[in-house]
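Here's a quick briefing on a protein with a ligand in place. Have a look at the model first, then go through the notes below.

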Amino acid sequence: MRRKIIAGNWKMNKTIVEAVALAAAIKREVGQIEHPVMVICPPFTALTEVSMALKDSEIQVGAQNMHQEDSGAFTGEVSAEMVLTSGCSYVILGHSERRTLFSETDQLVNAKTRKALTVGLTPIVCVGESLTQRQAGQMETVIEGQFNGLLDGLSAEEIRRIVIAYEPVWAIGTGQVATPEQAEEVHRFIRGLLARQYDEATASEITILYGGSVKGSNAAGLFAKENIDGALVGGASLKADEFVAIVKAMI
Ligand code: PGA
């Protein structure tokens, strides 16, 4: 059985005090219910405090990025070990905002993914096509191309420790969620790619999240699809009740 995961990407929002308050509110809202794996990803500055605020809960903490080198002259960067020792067990890698605003390539995301795995972090690796690419009928080619770069050199054992997030760029922060059918089509395609590159058993074990305008009101339809194993949530993860509504849609 593959892991079901709901992850919240807070992006560049929340001071330390605000982040701790939001984490505490999420913990309170979710209460004692049996829930899927929950991961919240605050900015770097709040990782330690949020991890401490959640230490008596099952909620996991993740970073939104990291550098691929261990240490050195990389002003402004944060290493995998720093992320890990801040209390994180997950790290989002290759988010489309990193790709478009900070020029991250598939090769770079591949290097980061390998580093995250070596320290024991679970990478949530993002892929997805833009609107222009979708309209030009290039969705499959784009996703396959991203995969070839991202997964380069990763063994089946390593790929099993990765979470994949399909995030169509046109759905991120736009309110224009993919329909469950559109998302399922791509998730099935991704699982097929994994089966081809590795094997069926490996492909069937990998968690594939959908991301892009997920809310409490549209989550259940997405989660009903066979190949959608959870969500990577942006805007709606900044409100405790909305985020927990998404979590509950999975139960
Ligand atoms: P959104 O963002 O839920 O605000 O569309 C998703 C993401 O960027 O991961």
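**Ligand shell**

By class, the shell around the ligand holds four nonpolar, seven polar and two charged residues. Here Ala, Val, Leu, Ile, Met, Phe, Trp, Tyr, Cys and Pro count as nonpolar, Asp, Glu, Lys and Arg as charged, and the others, Gly among them, as polar. Keep in mind that this is a predicted model: local features need pLDDT of at least 70, side-chain atom pairs count only at pLDDT 80 or more, and totals for chains, interfaces and linings use all residues. Residues are numbered from 1 along each chain as its sequence is written, and side-chain values use heavy atoms, with hydrogens and water left out.

**Who touches the ligand**

- There are 13 residues around the ligand, and K11, H95, E167, G173 and S213 come nearest (near means that a heavy atom of the residue lies within 4 Å of the molecule or strand).
- H95 has a polar side-chain atom 2.6 Å from a ligand oxygen (a polar contact is a pair of N or O atoms within 3.5 Å; within protein, one must be able to donate a hydrogen and the other to accept it, and residues adjacent in sequence count only if both atoms are side-chain atoms).
- On its own the ligand exposes 280 Å², and the protein buries 96% of that (Shrake-Rupley areas with a 1.4 Å probe; for residues, only the protein chains shown count as cover).

**Q64 and its neighbours**

- Q64 sits in the loop between β3 (60–63) and α3 (80–85) (helices, H or I with at least four residues, and strands, E with at least two, are DSSP runs numbered from the N terminus).
- Its side chain reaches the backbone oxygen of K11 at 3.0 Å and that of P42 at 3.3 Å.
- Leaving aside neighbours within four places in sequence, the contacts of Q64 include N9, W10, M12 and I92 (contact means heavy atoms within 4.5 Å).

**The barrel**

- Eight strands close up in the order β1-β2-β3-β4-β5-β6-β7-β8, with parallel pairing (strands pair if DSSP finds at least two bridges between them).
- From one strand to the next, the twist averages 25 degrees (axes are lines fitted to C-alpha atoms, for helices over the stretch in contact, and angles run from 0 to 180 degrees between N-to-C directions).
- β6 (163–166) and β7 (208–211) pair over three bridges, and A165 has L209 of β7 as its bridge partner.
- Helix α7 (139–150) lies across β5 (122–127) and β6, at about 150 degrees to β5.
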